[in-house]
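Please open the model in your viewer and keep the selection panel at hand. The stops below go from one selection to the next.

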Amino acid sequence: MINAQQSGRQADLIPVGDEPIQPTGIIVCITGGAAVKQTPLFDLHLRLGAKMTEFAGYRMPLHYPAGIIREHLHCRSRAGLFDISHMGQCRIVGARAAQALETLTPGGLAGLPPGRQKYTVLLNPQGGVIDDIIVTRVATGLAVVVNAGCKDKDYAYLRQALPEDCEFSEQNDLALLALQGPEATSILGTLAPEVAQLPFMHGCQAQIAGIPCRISRSGYTGEDGFEISLAAGDAQGLATLLLQQDGVAPIGLGARDTLRLEAGLCLYGHELGETVSPVEAGLSWLFPAGRADFPGSEIILAHLRRGPPRRRVGLSIEGKLPVREGAPLFNGETQIGAVSSGGYSPSLARPIAMALVETEFAAPGTRLTAQVRDQCVAVSVCKLPFVPHRYRR
């Protein structure tokens, strides 16, 4: 779940110069008059030779010396370690925490058993998406992960919307790592054997080399893997330990984006946003049958019954020219949509893209034209994902 808002668009990532190595912890530095945060792994990224960039208010690794393509292919074939500590972690505590949060989402949270996770969205009254989030049932209530660029608005919204008997708290003292790839289970299983049998979207408490962690079998690459929440002060030690394991390589934001694009996964600010309904984004499966009491229900239920005016689709690109975000799509002379995410697929060795198009033109095989600067590029609507998911069900 990565965010494209607030300088987060992959095409707009701007490398910035290195800062002196700082102590472990989330640190704020001043760059050009604006406060820019650093994750607890900042100095480790510098030691690893990362090309740093500003992303959603944080200094983050765009890529390491191996480069985006090699990092991407390594994650698809072995295991990649991602720093996702810029994501927001928060808790909603109370006996009615799940029921309260459920009223702000499509539903399905009240029945979550302990340790179970659910991907869902916070809805606005216009039927759009405030943010997409991951919710985990924990002993005291719910642990929630939100997108980096949406943290401030999400936290303000939750504080205002949740009832008084629910205690909301930011967990800014935590870090978040992701270990993704076909070898992730064998690698992490040697350090924490209990994770090997976790099903997809389940979590547990574990210790890795004496470090307390909350581990879930989840991720946003399309590969099997894990996300690890732990104290910020322990993050560098655990990351260093994981990188010492055979088969693990550090992966930056560049490959994280190409991996999720190949997996056909939505990115907030691209396929999801305040003016895009979850049905248009292809997330109809989030809505349990029979429920009608969620924000924006009038608009969303109409989309579910009659079909939405536009749909998220995959695009197969003819030729080698990448078709990037914002490129208009035409049927003849009429614009019928626009590319929401696009770039080069290292796994397929060709350009790919996703788009929001008018429903009439969303059927696989439909031929369209993309306008890329002064060139017309032939594209065809195709099914998603581009690369099959390999989650452990």
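Begin with the largest pocket, which holds about 850 Å³ of space in what is a predicted model. Select its lining next: 45 residues line this pocket, and Tyr119, Tyr220, Leu265, Trp285 and Tyr391 are those that lie nearest its centre. To see which elements supply the lining, colour β7, β8, β9 (141–146), β13 (211–216), β14 (225–231), β16 (310–317) and β21 (375–382), each of which gives two or more residues to it. Among these, β16 contributes the largest share of the lining, with four residues.

Move on to the largest nonpolar core, a set of 35 residues in which Phe82, Tyr119, Leu272 and Leu283 touch the most other members. Two or more residues of this core come from each of β7 (117–123), β8 (129–138), β11 (174–180), α7 (253–262) and α8 (297–306), and β7 provides the largest share, three residues. Now centre the view on Leu283, which, leaving aside its neighbours within four places in sequence, is in contact with Tyr119, Val121, Leu272 and Pro278.

Finish by colouring the chain by pLDDT. The protein chain averages 92, and 91% of the residues score at least 70, whereas over residues 1–31 pLDDT stays under 50, although the model has 106 contacts beyond four places in sequence for that stretch.

How values were computed:
Residues are numbered from 1 along each chain as its sequence is written. This is a predicted model: local features need pLDDT of at least 70, side-chain atom pairs count only at pLDDT 80 or more; totals for chains, interfaces and linings use all residues. Side-chain values use heavy atoms; hydrogens and water are left out. pLDDT is the predictor's confidence in each residue, from 0 to 100. Contact means heavy atoms within 4.5 Å. A nonpolar core is a set of buried Ala, Val, Leu, Ile, Met, Phe, Trp, Tyr and Cys residues joined through side-chain atoms within 4.5 Å. Buried means under 20% relative accessible area, exposed over 50%, partly exposed in between (1.4 Å probe, protein chains only). On a 1 Å grid over the protein atoms alone, a cavity is a set of points where a 1.4 Å probe fits but cannot get out, and a pocket is an open set with protein on both sides within 12 Å along at least five of seven lines; lining residues have an atom within 4 Å of a point. Grid points are joined across faces, edges and corners, and a volume is the space filled by probe spheres set on the points.
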